[in-house]
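Please look over the sequence and the model before reading the points below.

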Amino acid sequence: MGEDAIEKEIQEKGLNAPRLTPFLIDAAIAKKQFHVFEESCLTVCCLTLKNGFTVTGESACASPENFNAEIGEKTAFENARNKIWMLEGYLLKQRLSEGNYTMPA
């Protein structure tokens, strides 16, 4: 089940407590950069978040014949973006535990 399908199901079930959404995860990203290391099939994505923190994701293929820059960037981006869920989840839980959570605009 993909992220969009899960989000739709959450909304259909009326689960309205404070939570993260794909929109909030994407909104946390200020900048994305990609680098492919010379003579390799390794693509690295660096996401800079709005607060200046960075997360990275990587993608590599075993056979150089299968290397595709577009696929490498998509995979590396998703791997980096997935890390934001954990960071933002921790931050939300901390705010909830401190009683200073406000709904995002």
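Threonine 21 counts as buried because its relative accessibility is 16%, where buried means under 20% relative accessible area, exposed means over 50% and partly exposed lies in between (1.4 Å probe, protein chains only). The model is predicted: local features need pLDDT of at least 70 and side-chain atom pairs count only at pLDDT 80 or more, while totals for chains, interfaces and linings use all residues. Residues are numbered from 1 along each chain as its sequence is written, and side-chain values use heavy atoms, with hydrogens and water left out.

**Surroundings of threonine 21**

- Threonine 21 is placed in the loop between helix H1 (3-12) and helix H2 (22-27); helices (H or I, at least four residues) and strands (E, at least two) are DSSP runs, numbered from the N terminus.
- Leaving aside residues up to four places away in sequence, threonine 21 touches Glu7 and Trp85; contact means heavy atoms within 4.5 Å.

**The chain as a whole**

- Three helices and three strands are found in the protein chain, and along the sequence they follow the pattern α-α-β-β-β-α.
- The protein chain has a radius of gyration of 17 Å, whereas a compact globule of 105 residues would have one near 13 Å; the radius is taken over C-alpha atoms, and the globule rule is 2.2 Å times the number of residues to the power 0.38.
- The C-alpha trace spans about 50 × 30 × 20 Å along its principal axes.
- Of the 105 residues of the protein chain, 22% count as buried.

**The sheet and its helix**

- An open sheet is formed by three strands in the order E1-E2-E3, with antiparallel pairing; two strands pair if DSSP finds at least two bridges between them.
- Strand E1 (29-36) and strand E3 (54-59) stand at the edges with a single partner strand each, so one side of each has no neighbour in the sheet.
- From one strand to the next, the twist averages 20°; axes are lines fitted to C-alpha atoms, for helices over the stretch in contact, and angles run from 0 to 180 degrees between N-to-C directions.
- Six bridges join strand E2 (residues 43-49) and E3 in the antiparallel sense, and cysteine 46 stands opposite threonine 56 in E3.
- Helix H3 (residues 69-98) packs on the sheet and touches E1, E2 and E3; the direction of H3 makes about 140° with that of E3.

**A charge over a ring**

- Lysine 32 lies over the face of phenylalanine 77, at 4.7 Å from the ring centre; a charge sits over a ring if NZ of Lys or CZ of Arg is within 6 Å of the ring centre and within 35 degrees of the ring normal.
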